[in-house]
Amino acid sequence: MLKDLQSFKLPRYEQVRWHILTLLTESKWDEKTPLPTEQEFADKYQVSVGTVRKAVEKLVDDGVLTKYQGRGTFLKRPNFESSLLRFFKFRDKDACYATPTGVVKKLMVIEGIEEINEKLDIGKNKPLIYIERVRLIEGKVSLSEKIWLPKSRYQAFIDLEPEDFENLLYPFYYTKCGQFVSSAVETLFFIADHVDPYLGNTTRENLVKVCRIAKNLSGDPIEYRESYGLAEKFSYEAHII
């Protein structure tokens, strides 16, 4: 099973790690379903259990897998909702912290945009799927988002209507199109003189812009997103241990 990688002089555990990543990527693995045991992987790839354990531990360190005592090893989905809430603290009418609900407002296929396509690492003329989405708390827009996706990866979205989308997009990407978001890089800016039609702000109100490039298990960019929120709601939080 591993002979196709041996010519690259990779350590045995790295070869197993690569095959497990391939399995997760190509089989649309459900994060609720445990992976085969280390012994089963060892038999499958004809290596020692120790080699498999090292490969699995590396994937755990990489944030791809998570292990539960007595339950097994599972595909891990990062909590991107909590990531965004590092930047914005929203409260409901009872002054309790609240997580916004996502609503897709616009969905269309557009021509490639050179700057966006470069971020997605696709040809500059490749078509895109463009989404406008708002995040609501008690019916009021708290965040406005613009999302660009490679059309080739999200063909199933072409025939959808905005109301067909679920509250959480990343699980929907996976179940509908097999696109699993494993990691992301975020960059934050404060911007002025920008009026967002969904936020209804004025040019006197500064905004925070969070740019995110989301990647799959193979490290390929599969989404570029810009999230906008009022600067007065900005509240960065970090835990240093």
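Reader: Which side chain does the side chain of Arg 135 make a polar contact with?
Author: This is a predicted model, so local features need pLDDT of at least 70 and side-chain atom pairs count only at pLDDT 80 or more, while totals for chains, interfaces and linings use all residues. Residues are numbered from 1 along each chain as its sequence is written, and side-chain values use heavy atoms, with hydrogens and water left out. A polar contact is a pair of N or O atoms within 3.5 Å; within protein, one must be able to donate a hydrogen and the other to accept it, and residues adjacent in sequence count only if both atoms are side-chain atoms. At 3.4 Å, the partner of Arg 135 is the side chain of Glu 145.

Reader: Is Arg 135 buried or exposed?
Author: Arg 135 sits in strand β4, residues 128–137. Strands (E, at least two residues) and helices (H or I, at least four) are DSSP runs, numbered from the N terminus. Buried means under 20% relative accessible area, exposed over 50%, and partly exposed in between (1.4 Å probe, protein chains only). Because its relative accessibility is 1%, Arg 135 counts as buried.

Reader: Which residues are linked with Arg 135 in a network of salt bridges?
Author: Side chains of opposite charge can pair when their charged atoms come close. A salt bridge is a side-chain nitrogen of Lys or Arg within 4 Å of a carboxyl oxygen of Asp or Glu. The network links Arg 135 with Arg 133, Glu 145, Glu 223 and Arg 225.

Reader: What is the N to O distance between Arg 225 and Glu 223?
Author: Arg 225 is buried, with a relative accessible area of 5%. Glu 223 is buried too, at 0%. Their side chains meet in a salt bridge, N to O, at 2.8 Å.

Reader: How many salt bridges does a search of the whole structure find?
Author: One of them joins Arg 153 and Asp 220, with the closest N and O atoms 3.9 Å apart. The search of the whole structure gives a total of 13.

Reader: How many residues apart are Arg 153 and Asp 220?
Author: Arg 153 is partly exposed at 27%, and Asp 220 is partly exposed at 33%. Arg 153 is in the loop between β5 and α7 (169–177). Asp 220 is in the loop between β7 (207–215) and β8 (221–230). The pair links distant parts of the chain, and the separation is 67 residues.

Reader: Which residue forms a salt bridge with Glu 226?
Author: Glu 226 is buried, at 10% relative accessibility. The closest N and O atoms of the salt bridge are 3.8 Å apart, and the partner is Lys 209.

Reader: Which strands hold Glu 226 and Lys 209?
Author: The two residues are 17 apart in sequence, so the pair ties those parts together. Glu 226 lies in β8 and Lys 209 in β7.

Reader: What is the phi of Glu 138?
Author: Most residues other than glycine have a negative phi. Glu 138 lies in the loop between β4 and β5 (140–150). At 52% relative accessibility, Glu 138 counts as exposed. Glu 138 is not a glycine, yet its phi is positive, about 50°.

Reader: Where is Asp 121?
Author: Asp 121 also has a positive phi, near 60°, in a residue other than glycine. Asp 121 counts as exposed, at 61% relative accessibility. Its place is the loop between α6 (114–119) and β4.
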